Structure formats: structure tokens, C-alpha cells
Amino acid sequence: MSETETTGASYAAAGVDIEAGDRAVELMKEWVKKTQRPEVLGGLGGFAGLFDASALKRYERPLLASATDGVGTKVDIARQMGVYDTIGHDLVAMVMDDIVVCGAEPLFMTDYICVGKVHPERVAAIVKGIAEGCVLAGCALVGGETAEHPGLLGPDDFDVAGAGTGVVEADRLLGPDRIRTGDAVIAMASSGLHSNGYSLVRHVLFDRAGMSLDQRVEELGRTLGEELLEPTKIYSLDCLALTRTTEVHAFSHITGGGLAANLARVIPDALHATVDRATWTPDAIFDLVGKAGQVERLELEKTLNMGVGMMAVVPADSVDVALTTLADRGVDAWVAGEITDRGDRATGAELVGEYATA
């Protein structure tokens with residue numbers, strides 16, 4: 001028998017490095033600590049994260065809101081570029097901006113990082129980005145899991161996912177029931193592609209157009225890789241600020257499915273949202289994807305956010321305060337449409353007109 005056959009098997013020999021995992025936990029502790037809220041009990045390393053629910057006693061009828069998500073194939077851009085400390089912003093945005101849509105305040109989040117091989121500094125960088133995102137969303141990172149999957153993932157491959165919880169007072173719950181004819185639809189600018197549609201984007205730009213991540217693209221003003229890795233904007237605190245300063249009827253997080261489909265999710269059956277393309281100019285990356293892949297506009301619009309990451313539906317007399325609040329917070333926003341009776345239209349939201357030229 002060979003020496004390998006006579007030596008006892010071990011977890012390390014199978015490809016799982018427990019010591020590397022322990023080191024990763026130590027490296028990430030300082031970043032997790034920065035996200036702590038007063039309600040969080042204990043530290044990193046326990047079997048479960050603890051959140052003091054007595055903080056909810058101030059609510060008359062607290063409703064817990066939860067969401068879970070990942071960031072799709074954008075992780076492959078991070079892997080290829082060797083940049084790991086921004087993808088966490090994307091993860092927090094995808095989870096917590098879903099939660100805030102109903103008016104809920106983000107409370108806490110947990111993450112799951114799956115890797116082919118634990119590189120402690122790399123895992124810590126991913127968690128650093130998640131922690132920074134949690135700070136921007138106003139929530140705590142109470143725990144998570146790092147799993148090593150040798151044989152299923154390559155040594156440099158990884159994926160991330162997360163779950164979050166928020167709370168909203170029952171009588172302040174936002175959604176379709178509040179929307180009325182005559183309401184205005186306010187658009188909030190995205191920071192680029194965000195975290196949806198990357199399978200199409202990668203196919204078009206790399207497979208069809210033969211572009212490379214280190215290629216500088218003049219219309220983008222930077223390399224393609226820098227553009228594609230731009231973190232998803234986190235709107236949670238901006239949306240909550242709106243609910244405090246003026247009346248808001250609904251929010252819509254523009255993610256997979258595009259603007260019209262996501263806006264339609266919060267429009268009641270009898271009403272219709274019309275969004276005028278002429279009110280904004282999509283960023284150059286959207287035009288680049290469209291032209292490079294000869295992608296039809298409707299296909300782009302049902303896949304990508306086209307420059308709008310979040311929308312708010314507010315009464316017409318709340319528009320000025322809403323726009324001022326967002327401007328004060330550094331959010332580029334504008335009135336993009338209105339709510340009318342649906343009539344015989346089949347869908348709850350549509351885009352009309354032509355995009356404005358820069």
C-alpha cells in the first residue's frame with residue numbers, strides 16, 4: 001500500500017482548513033463590531049446572534065419584515081479583479097432595501113459566505129464590505145457562516161448570501177393600499193448596474209464584444225472592471241428619512257425584472273403607474289450593453305435598472321418636501337411619473353416616451 005493509503009484521512013486532507021477558518025473569524029471581528037446596535041447581545045462566535053426584542057415594546061403592533069438574497073454573478077467580477085471589500089455593500093443593499101420598501105426599519109442581518117478554499121484575509125475583506133454596508137443601512141451584523149466547499153468550488157471561487165430583519169408599526173405599513181390616483185412617482189438614481197442582470201452583461205461584454213475588465217472605456221471614464229464592480233447604492237436610511245419628513249405611500253426597489261415590473265408589484269389592481277423616460281438619461285453603461293449586444297430596449301428594461309434604483313410613490317403635495325429631503329441627503333431624485341386609473345391596460349406600470357439625451 002502507498003503512504004497515502006496507510007495514512008489516516010483528515011478534514012484538512014479533504015480540503016477543509018479549520019485553522020484558516022478560525023483566523024478568518026478573528027480578522028472579521030473588528031468590522032462586525034462597527035455594526036453593533038444597542039439591542040445586540042454577545043459577540044461574534046456564538047451559535048446564534050442575539051437581538052434584544054424588548055426594544056420593540058415601544059411599538060403598538062410591531063410587524064417584522066424579513067428578506068434574503070445574494071448578488072448573483074457579480075461575484076465573478078470581484079473574483080477576477082481580486083477585489084473583495086465592495087461585494088458586501090451589494091449584499092446588504094439587495095436585502096435591506098427590500099425590507100425598507102414596506103417602511104420597515106432594518107434591525108439586523110446575517111450572512112453566508114461559501115468558498116472553495118478559505119483565504120482568511122479574503123473572507124475578512126468580504127465581511128468588511130458587509131459590515132460597512134450594514135452601517136450604511138443602519139442595521140447590525142449579528143452573525144454568519146463561512147463554509148468551505150472543496151471539490152464543489154475552485155480554490156478562488158466564492159458566493160455570498162444574506163438574510164435580514166426589520167420592523168414597522170402596523171399602521172405605518174406602506175404598500176398598494178395607500179396609493180391613490182394623482183400620486184407622484186419619484187425616481188432615485190442608481191449607482192450603475194447594481195447587482196442584477198450580470199449574466200446578460202457578462203455575456204454581451206465579454207463573450208460577444210470581447211472586452212476585458214482592465215480595458216479603459218472612455219464613455220465610462222474608467223476601466224470596465226471598475227464600472228462593473230461599482231457597489232449597489234443602499235437607500236434604506238434615505239427611504240426612512242422620507243417617511244419621517246413627509247407622507248409616503250409606497251416604495252419599489254428596482255432589481256431583477258427591471259423598473260416597470262418592480263413598480264407594478266406595489267400598484268393596486270385598479271390603478272396604473274406611468275413613468276416617462278424623458279425625465280432622465282440612463283448612465284453610459286446601459287447604452288454600452290445595449291449597443292455591444294444589440295439588445296433591444298425592452299429586453300434591457302426588463303433586465304437592468306436603467307439608472308433608477310429605488311422609487312417612491314407620494315401624494316402630489318408631498319413632492320417638494322420629498323425631493324428636498326433626498327437632495328439634502330445627497331440622493332439624485334426627480335419626478336418620473338404619476339398614478340392614474342388603470343382602465344383597460346393589462347399591466348400595473350409602464351414606461352413611455354424616449355430617454356433624454358445627455
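Q: Which helices and strands each supply at least two residues of the lining of the second largest pocket?
A: A pocket here is an open set of points on a 1 Å grid over the protein atoms alone, where a 1.4 Å probe fits and protein lies on both sides within 12 Å along at least five of seven lines; lining residues have an atom within 4 Å of a point. In this case the elements are β4 (105-115), β6 (158-169) and α8, where helices (H or I, at least four residues) and strands (E, at least two) are DSSP runs numbered from the N terminus. α8 gives the most, with 4 residues.

A: Some ground rules before we go on. This is a predicted model, where local features need pLDDT of at least 70, side-chain atom pairs count only at pLDDT 80 or more, and totals for chains, interfaces and linings use all residues. Residues are numbered from 1 along each chain as its sequence is written, and side-chain values use heavy atoms, with hydrogens and water left out.

Q: How many residues line the second largest pocket, and which lie nearest its centre?
A: There are 22 in the lining, and G103, R172, L240, T243 and R244 lie nearest the centre. The volume is about 430 Å³, counted as the space filled by probe spheres set on points joined across faces, edges and corners.

Q: Where is H249, and is H249 buried or exposed?
A: Buried means under 20% relative accessible area, exposed over 50%, and partly exposed in between (1.4 Å probe, protein chains only). H249 sits in the loop between α8 (236-245) and β10, and is buried at 6%. Beyond neighbours within four places in sequence, H249 has contacts (heavy atoms within 4.5 Å) that include R178, D183 and P315.

Q: What is the strand order in the open sheet of 6 strands?
A: Strands pair if DSSP finds at least two bridges between them. Here the order runs β10-β12-β7-β13-β11-β14, with mixed pairing. β10 (250-253) and β14 (349-352) are the edges; each has a single partner strand, so one side of each lacks a neighbour in the sheet. From one strand to the next, the twist averages 25°. β11 (residues 271-276) and β14 pair in the parallel sense over 4 bridges, with V275 opposite L351 in β14.

Technical notes. Axes are lines fitted to C-alpha atoms, for helices over the stretch in contact, and angles run from 0 to 180 degrees between N-to-C directions.
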